[in-house]
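Trainee: I would like to learn how to read a few features of a model. Please take me through them.

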Amino acid sequence: LLYTIKFENKMDAVDFYPGLPPGVKGLDNNVDGRPHLKTIYFKIGEAEEQVEFWSDATSEEVKECFRSATESDPSDILKLYNASNSLTNISPRLLANTAETRYTLKVVGAKQCLSSDGITPEINETLLSIEKRLLNLEKNIVLNSGDTPPAVWDMRAKVENLREKLESVEHMSWLGLYKDIDKKGSHSKTSSNTIHCCGTKKTKEKYQYSTQVFKKFEQLRSVELTEATRELLKKPTFDIWQWEDSEMLYLLQQMFVDLKLVERLYIELPVLQAFLYQVHVSYNYTPYHNFRHCFCVSQMMYGLIWLCNLQEKLDDIEIMTLLVSAICHDLDHPGYNNAYQVNAKTELALRYNDISPLENHHAAVAFEILSCEQSNIVKHLPHEDHKRFRSNTIK
């Protein structure tokens with residue numbers, strides 16, 4: 001016989017087979033095929049938890065339920081063991097249990113086996129320790145002297161070189177640790193006329209043009225912007241059409257300086273300049289969504305920050321988020337909108353499952369640039385501030 005009860009907050013019936021322990025809610029298969037609510041009791045470490053899901057949920061929804069309960073990352077691996085210590089599949093068919101017969105859940109970090117760079121945990125931990133000490137040393141030097149001396153840059157280059165050597169040891173390829181790295185640097189060639197740079201493909205002409213722009217930008221380092229121009233730059237009525245690309249890069253740098261982000265967030269000028277250069281490279285030759293459009297939007301955001309006196313209402317991380325988001329908002333825009341991407345089934349639409357493919361791509365390219373040590377303007381942010389910056393920038 002089947003016994004049926006009703007939950008106070010649901011009108012759906014939940015079936016019970018006789019002989020199950022008291023308190024066990026739901027079975028794997030209802031006789032009448034109706035979905036029912038299942039309660040799973042488990043423990044993670046010493047903590048006792050429980051999750052509830054409907055029997056017609058998908059496997060991914062069930063796993064996400066467990067991830068939410070444990071606050072684990074999407075990249076983490078979840079392992080569930082039953083009372084007999086046997087590994088159990090996490091799915092809608094998971095057998096319901098009681099508080100006395102809890103499952104045991106273990107969260108295994110995806111990076112515990114191999115790091116994203118393909119390096120063993122022990123070596124990676126050593127490298128991270130060296131890099132952390134080096135960052136702290138840099139921060140102290142910047143605080144005391146205002147700039148990073150050549151000796152520190154040389155030390156950092158040696159650490160990066162060591163990491164590349166470890167990643168490119170060919171005799172370790174059978175372990176899956178070998179990465180084919182272009183020995184000439186981060187701009188690896190993908191075809192005779194294409195250069196791969198920060199997650200995007202650019203023609204040689206575009207790359208060479210950006211290099212020429214950057215050289216002119218470097219020549220402006222010794223030039224001091226007049227007070228009148230700096231004040232005009234703070235106004236939404238600023239004329240953007242009279243400036244060359246190299247001058248716009250210089251004005252973007254001045255925005256970071258005048259907002260005191262360079263000083264308060266410990267951004268070294270060479271790193272900021274490298275970031276702006278990579279941004280310039282990543283904007284395409286399109287009629288509208290080009291680098292001048294990037295500067296136009298960024299300058300308007302900068303003007304609104306001053307016009308609305310947002311420095312008194314927002315903290316430095318939020319101001320930084322506004323400015324960086326404006327600068328990066330159309331990175332690598334192909335010139336065609338989301339509707340076209342979806343209807344034409346382009347690479348971007350397929351990669352992002354038709355969900356705002358362009359916006360997802362712009363954000364991904366931005367953080368690809370920020371993942372490079374030489375152009376990472378947020379590398380000195382504490383962990384929680386970095387998480388907040390990334391989350392808000394993506395939004």
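Trainee: Is Cys308 buried or exposed, or in between?

Mentor: Buried means under 20% relative accessible area, exposed means over 50%, and partly exposed lies in between (1.4 Å probe, protein chains only). Cys308 has a relative accessible area of 38%, so Cys308 is partly exposed. Cys296 is partly exposed too, at 32% relative accessibility. Of the 395 residues of the protein chain, 41% count as buried.

Trainee: What should I know about the model itself?

Mentor: This is a predicted model; local features need pLDDT of at least 70, side-chain atom pairs count only at pLDDT 80 or more, and totals for chains, interfaces and linings use all residues. Residues are numbered from 1 along each chain as its sequence is written, and side-chain values use heavy atoms, leaving out hydrogens and water.

Trainee: How many disulfides does the structure hold?

Mentor: A disulfide is a covalent bond between the sulfur atoms of two cysteines. Here the test is a pair of cysteine sulfur atoms within 2.5 Å. The structure holds zero disulfides.

Trainee: Which residues of H6 meet H8?

Mentor: Contact means heavy atoms within 4.5 Å. In H6, Asp245, Leu249, Leu252, Gln253, Phe256 and Val257 meet H8. Their partners in H8 are Leu269, Leu272, Gln273, Leu276 and His280.

How values were computed. Helices (H or I, at least four residues) and strands (E, at least two) are DSSP runs, numbered from the N terminus.
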